[in-house]
Amino acid sequence: VVVSVQSLLHRDHPQLYRPKQVERLEQGLQGMVESACLWICASEGTREDLVRLYHVPRGRTVVIPPGTTPGFAQAGQDPSAVQRVRARFGLDQRPYFLFLGAIEPRKNIKNLVDAFELALDQGLEADLVLAGPHGWQSRRIREACARRTRLQGRLHLPGYIAAADLPPLMAGASGFVHPARHEGTGMTAMEAMAAGTPVLCSHRGALPEVTAGAALLFEPNDPASIARTLLQTEGDAELRERMRQQGLARSAELTWERSALQTLEAYQLAMRLPA
C-alpha cells in the first residue's frame, strides 16, 4: 500500500474544519498508518508533520512535489486573454492582488482582508480579488466583508472561477497573495510563479519551501505584516520584475513530468521494501 498525503493541517488545527471531516480524516489516516508500506508527501513540511504526528518511519517516506499545469505559463504570454478576463470580472479599472482558493477560515481570509484595509488606508491603489468556491463558513466571511464600507468597490468576490479563466486571471494580477497559516502543498503559489506573477505568502508550512526564495514572506497572524508586503510589491516595479523572473525559474523545476518519474521511482522503492 502506497499513500499520497498533501497536508495534515486538520491534526494541528481541527477548529478550521468541520468536526465530521476531522473525524473521517483521522480514522482513515490511523488505518493507513498500520498498513502503508510507503508514504508520498507533497512537501518536506508534510513529511515532517507525518513523522511527528503519526510516528511514521522516515525511511518509509519520500517527497514528491506536484507539477504545474502548462496553461499558466502560456497565459503569461497572452496579454489579450488577460485583458478579456479582466474585463469579464470587472477588474480592468485598477491593478489587483489575487487570492485563489476556497473561501473558508483555514485560508486565513480574515487577516488578509484586515491587511488589505490597512494597506488602503496607507495608499494602496490596487484592488483585492478573493476568487474561489464558497467553502465552510464562507457565508460568514462574505457577510463580514460586505459590512466594511471602506472596501466597497475595492474588494471582489467572484466565486468559483472556470478552469479556462484561471491562468489569465492569475497572469493579470500584480501579485498573488497566499495567507494560509499552514499549507501542505502550495499549488496555487506554483501556478502564480508559472504565470509570471509575483508571490506574497505566509512564512509557514510548505510555502517557503515551494517558492524557494522567489516570494515575499509575511507573518500570517499579523495583518500589518501582510499589508507591508502589499505596499512594498505595488510600489517597487524592479522588485516585481525580480520576483517574476525568480518565480519563472523556480516553476520551471516543478513539472508533472518530473513528478511522474519520481512517483514511478517511489513505487519501485515500495516494491523493494518489506511489507
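The legends below describe close-up views of a predicted model.

Local features are given where pLDDT is at least 70 and side-chain atom pairs only at pLDDT 80 or more, while totals for chains, interfaces and linings use all residues. Residues are numbered from 1 along each chain as its sequence is written, and side-chain values use heavy atoms, with hydrogens and water left out.

**View 1. An open sheet of three strands, in the order β1-β2-β3, has parallel pairing.** The edge strands are β1 (2-5) and β3 (61-63), each of which pairs on one side only. On average, and with direction ignored, neighbouring strands of this sheet are turned by 20 degrees against each other. Four bridges link β1 and β2 in the parallel sense, and three bridges join β2 (residues 38-41) to β3, also running parallel. Cys-41 is placed opposite Val-63 of β3. Strands (E, at least two residues) and helices (H or I, at least four) are DSSP runs numbered from the N terminus; two strands pair if DSSP finds at least two bridges between them.

**View 2. Helix α3 (residues 44-54) lies across β1, β2 and β3.** The helix runs at about 160 degrees to β3. Axes are lines fitted to C-alpha atoms, for helices over the stretch in contact, and angles run from 0 to 180 degrees between N-to-C directions. Contact means heavy atoms within 4.5 Å.

**View 3. Val-3 is found in strand β1.** The residue counts as buried because its relative accessibility is 7%; buried means under 20% relative accessible area, exposed over 50%, and partly exposed in between (1.4 Å probe, protein chains only). Val-3 stands opposite Trp-39 in β2. Leaving aside neighbours within four places in sequence, Val-3 is in contact with Met-32, Ala-36, Leu-38, Trp-39 and Ile-40. In β2, Leu-38 and Ile-40 point one way and Trp-39 and Cys-41 the other way, and all are buried. In a regular strand the side chains alternate between the two faces of the sheet.

**View 4. Strand β5 (residues 127-131) is largely enclosed by the rest of the structure, because five of its five residues are buried.** Asp-127, Val-129 and Ala-131 point one way from β5, and Leu-128 and Leu-130 point the other way. Five bridges pair β4 with β5 in the parallel sense. Phe-99 stands opposite Leu-130 of β5.

**View 5. The largest pocket has a volume of about 420 Å³.** Its lining has 24 residues, of which Gln-6, Ser-7, Arg-106, Lys-107 and Glu-183 are the closest to its centre. At least two lining residues come from each of α1 (9-12), α2 (19-35), β4 (96-100) and α9 (187-194). The largest share, three residues, is from α2. By class, the lining of the largest pocket divides into 10 nonpolar, 11 polar and three charged residues. Ala, Val, Leu, Ile, Met, Phe, Trp, Tyr, Cys and Pro count as nonpolar, Asp, Glu, Lys and Arg as charged, and the others, Gly among them, as polar. On a 1 Å grid over the protein atoms alone, a pocket is an open set of points where a 1.4 Å probe fits, with protein on both sides within 12 Å along at least five of seven lines; lining residues have an atom within 4 Å of a point. Grid points are joined across faces, edges and corners, and a volume is the space filled by probe spheres set on the points.

**View 6. The second largest pocket has a volume of about 250 Å³.** Of its 13 lining residues, Pro-105, Ile-109, Lys-110, Ile-141 and Ala-144 are the closest to its centre. Helices α6 (109-121) and α7 (138-146) each supply at least two residues of this lining. The lining of the second largest pocket has six nonpolar, three polar and four charged residues.

**View 7. His-55 lies in the loop between α3 and β3.** The phi of His-55 is positive, at about 55 degrees, although the residue is not a glycine. Most residues other than glycine have a negative phi. His-55 is exposed, with a relative accessible area of 65%.

**View 8. Ala-212 lies in the loop between α10 (207-211) and β9 (216-218).** Phi of Ala-212 is also positive, near 50 degrees. Ala-212 is partly exposed, with a relative accessible area of 48%.
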